[in-house]
Amino acid sequence: MAASATSWATRRGIGWWALAFWIFMLVLPLMGSAFPSESFDYYMFMGQSMMVYAIAVLGLNLLTGFNGQISLGHGAFFALGAYTAAILMIDFGWPYWATIPVVAIVCFGAGFLFGFPALKLESHYLALATFTLAIAVPQLLKHKSIAGWTGGVSGLVLEKPDPPFGLPISPDQFLFYFCLLMAMILFWAAFNLLRGRSGRAMMAIRDHGMAAGTMGIDTSLYKTITFGISALYTGIAGALSAITVAYVAPDSFALPLSIAFLVGLVVGGIGSLPGCLIGGAFLVLVQNWSQSLSDVLKETFSLQYDVPSWAIYGVLLLLLMYVMPTGIAGGVLRLRGAIAGRLRRVETVRSKPLVLQSEGEKH
Amino acid sequence: MNKTSNLLTRRKTLLAAAGMALAAPSIVTSARAENKYGPGVSDTEIKIGNTNPYSGNASAYGANGRAASAYFRMINEQGGINGRKINYISLDDGYSPPKTVELTRQLVERDGVLLLHAPLGTACNTAIHHYMNQKKVPQLFVATGASKWGDPAHNPWTMGWQPDYHTEGVIYAKHALANVKDPKIAILRQNDDMGVDYLEGFRQGLGSVAEKFIVETATYEVTDPTIDSQMLQLKNTGANVFYNITTPKFAAQAIKKAAEIGWKPAHYLVNVAASLGATLRPAGMENCQGIITAFYTKDPVDPRWASSPDFVTWKAWMEKYNAGGNIADGSNVTGYANAFTMAHVLRACGDNLTRENVMHEAASLKNVEIPMLLPGIKLNTSATNFYPIQAVNMARIEGDHWAMFGELISASQG
């Protein structure tokens with residue numbers, strides 16, 4: 001797990017894949033203008049959701065995958081970001097884009113502060129502490145002392161932004177671009193952070209905290225700051241969710257949300273940046289698929305009862321974890337490694353059989 | 001030459017005949033073309049979308065969606081509505097508003113449904129309220145009792161169904177004022193939108209004396225295990241009126257606890273929790289004597305309805321189409337009656353199945369009687385009235401059943 005985490009960043013060539021992916025994403029919304037259809041805006045909305053989840057999973061990944069701190073409560077930071085954006089838009093009349101920097105500051109602060117008590121807690125205990133955060137936040141949002149701001153149980157209804165400058169695209173195409181822009185900035189920032197000294201320090205703490213300390217890394221500072229940055233990422237995802245869904249309510253941030261982030265993280269690949277994108281897509285797509293699959297099963301076998309879609313979702317997760325224990329990103333890398341290894345071997349067998357022998361002797 | 005021309009003419013006649021043959025059905029189709037269809041409708045099918053919490057905290061409410069699906073399954077077996085089968089697509093939103101938005105957009109934009117029927121939950125419906133009205137897609141007979149759904153001036157594509165919680169609250173307040181001397185009111189409330197609506201209505205019903213008479217309000221979360229401490233807190237205020245805004249599990253706990261600690265106030269229990277099967281019997285009937293509620297549906301385990309024709313039909317339907325459902329669960333009654341209302345509207349639309357006409361018919365209900373509603377309750381809507389069910393009847397526990405008293409109270413009187 002750790003090996004794949006560090007190796008992807010240093011491996012050359014992965015940059016081309018990333019570039020191709022982002023260009024593809026940039027071109028994607030234009031397809032809607034080329035081939036207009038009623039359902040295109042829906043697919044754009046799904047794309048927005050995927051990016052929102054991808055950013056949230058990235059936030060969790062920075063903390064868990066690269067710094068070794070487990071959180072079951074990131075739904076709380078997601079909610080904080082969503083409500084900060086919503087309150088700024090409704091009570092202060094801010095434009096949607098201006099809320100993002102404020103959300104970043106607020107969530108970084110909250111994450112940083114929560115990072116202090118978290119220092120005392122290791123692995124499972126930290127997971128439990130953050131778990132309480134996820135449980136408490138929906139109740140706190142309903143509390144009457146802040147109900148004037150949060151809208152209490154009924155939540156806040158927002159206006160969906162229109163494309164600026166009279167651009168000839170639909171609001172959903174525009175929001176797709178807005179989410180894409182944020183995702184590109186945040187992924188680029190994470191990439192740079194992890195490639196540099198700070199990233200290596202974060203990962204050193206994950207791999208062996210005490211050794212990292214002896215090498216002169218301020219482990220407490222790094223851990224709290226990582227918590228802050230992680231909350232910042234997830235908070236921005238929350239703000240984007242509020243803007244794209246145009247509604248926030250305590251029910252939106254119940255416990256399953258935090259669990260979903262963790263699922264996205266594990267499925268995508270712990271300690272992998274592309275894995276976050278895969279995790280985000282997984283969260284949006286697979287639930288829908290399992291529901292359709294449930295219907296298909298019922299029809300093909302003309303069953304008398306419903307196959308619960310959550311059971312299918314669970315079975316899919318189990319299968320995935322058995323086949324790809326390091327997540328989809330890790331699995332793909334391993335697969336690529338295996339194929340490349342075999343190809344190399346075939347090549348060497350063909351051209352330089354003697355070398356292979358000498359290689360074999362080495363082992 | 002002659003032969004060929006002969007062949008040609010023959011070919012022409014053949015063509016003409018074929019043309020005629022083709023034209024004949026085309027006359028029929030052109031006649032059918034006068035049928036006006038909105039999205040999701042064809043000569044053989046009407047596509048309807050629905051969202052329900054089949055998973056998550058609120059999954060108990062999912063019985064509503066299952067009942068509606070089962071109802072339309074029966075309709076389809078009986079030949080559909082005006083010859084069209086109902087393709088009822090009911091999806092699980094887990095009671096999470098962002099998920100509701102995603103699924104609703106899937107239903108409207110990808111699956112192309114004619115309308116959304118009875119999406120469940122106040123927050124979930126709020127999340128799609130603006131979208132549905134902007135897109136001009138009917139959001140009909142929503143499965144929530146919030147009072148904001150009947151607002152045709154601003155949201156002409158959304159309509160409620162059940163009597164709203166707010167009005168019910170007003171009715172209890174008026175009853176308490178008229179029947180209890182020097183009322184001191186203690187309130188237990190579920191901390192969600194339902195609880196707020198019931199409380200606001202109650203306060204409005206009390207009017208200016210609300211602050212004076214309400215001595216204590218305690219809340220609980222739907223995820224709490226018990227409400228014992230809240231009950232002790234309420235009892236200690238010495239209140240003589242207890243307004244119980246809870247869901248069945250907590251209502252049963254509250255009734256039991258009140259009996260245990262010997263607190264005997266005038267007890268108003270909201271309709272949401274007034275099920276004999278789910279609340280009162282588990283709490284022990286001896287503890288329930290004198291509890292008051294307001295009803296609009298028939299309680300399925302109330303022996304008085306056992307021989308009424310609509311109950312017999314409902315029970316047969318439960319056994320055949322909704323066998324997994326609990327007979328005592330009121331959601332199976334509301335889900336059934338709500339789906340019946342939907343089917344009634346679609347039937348009234350005839351072959352004019354546009355979204356506009358569906359809304360028009362939904363807003364033109366005149367004294368429509370729906371099975372499993374209390375005798376005398378009729379559905380009425382108009383271009384300015386988007387509250388289909390407006391009457392309730394007060395009832396009191398006597399022995400082992402609810403005894404109705406007084407007359408039907410209409411919401412406008414309340």
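This is a predicted model: local features need pLDDT of at least 70, side-chain atom pairs count only at pLDDT 80 or more; totals for chains, interfaces and linings use all residues.
Which residues does A:Ile55 touch, not counting residues up to four places away in sequence?

Figure 1. Not counting residues up to four places away in sequence, A:Ile55 touches A:Met182, A:Ala183 and A:Leu186, together with A:Tyr233, A:Ile236, A:Ala237 and A:Leu240. Both A:Ile55 and A:Ile236 belong to the group with the most contacts inside the largest nonpolar core.

**Figure 2. The largest nonpolar core.** This core has 221 residues. Helix α3 of chain A (residues 40-64) contributes its largest share, 17 residues. Among the residues with the most contacts inside the core are A:Ala54, A:Leu58, A:Ala86 and A:Cys107.

**Figure 3. Crossing of helices α12 and α13 in chain A.** The axes of α12 (residues 255-268) and α13 (residues 273-300) of chain A come within 7 Å and cross at roughly 125°. The two helices are therefore oblique to each other, and their crossing is right-handed. From α12(A), the contact is made by A:Ala260, A:Val263, A:Gly264, A:Leu265, A:Val267 and A:Gly268. The residues of α13(A) in the contact are A:Gly275, A:Cys276, A:Ile278, A:Gly279, A:Gly280, A:Phe282 and A:Leu283. By class, this contact has 8 nonpolar and 5 polar residues, and no charged ones.

**Figure 4. Contact between chain A and chain B.** Chain B provides 26 residues and chain A 25 residues. On the side of chain B that touches chain A, at least two residues each come from β3 (85-92), α3 (97-110), α4 (122-135) and α6 (193-206) of chain B. The largest share of that side, 8 residues, is supplied by α3(B). The residues of this side of chain B comprise 8 nonpolar, 10 polar and 8 charged.

Conventions:
Residues are numbered from 1 along each chain as its sequence is written. Chains are lettered from A and ligands numbered from 1 in the order in which they are written. Axes are lines fitted to C-alpha atoms, for helices over the stretch in contact, and angles run from 0 to 180 degrees between N-to-C directions. Helices (H or I, at least four residues) and strands (E, at least two) are DSSP runs, numbered from the N terminus. Angles under 35 degrees count as roughly parallel, over 145 as roughly antiparallel, 65 to 115 as roughly perpendicular and the rest as oblique. A crossing is left-handed if the near helix is turned anticlockwise from the far one by less than a right angle, and right-handed if clockwise. Two residues are in contact if their C-beta atoms, placed from the backbone, lie within 7 Å. Ala, Val, Leu, Ile, Met, Phe, Trp, Tyr, Cys and Pro count as nonpolar, Asp, Glu, Lys and Arg as charged, and the others, Gly among them, as polar. A nonpolar core is a set of buried Ala, Val, Leu, Ile, Met, Phe, Trp, Tyr and Cys residues joined through C-beta atoms within 7 Å. A residue is buried if 20 or more other C-beta atoms lie within 10 Å of its own, exposed if 12 or fewer, and partly exposed in between; C-beta atoms are placed from the backbone.
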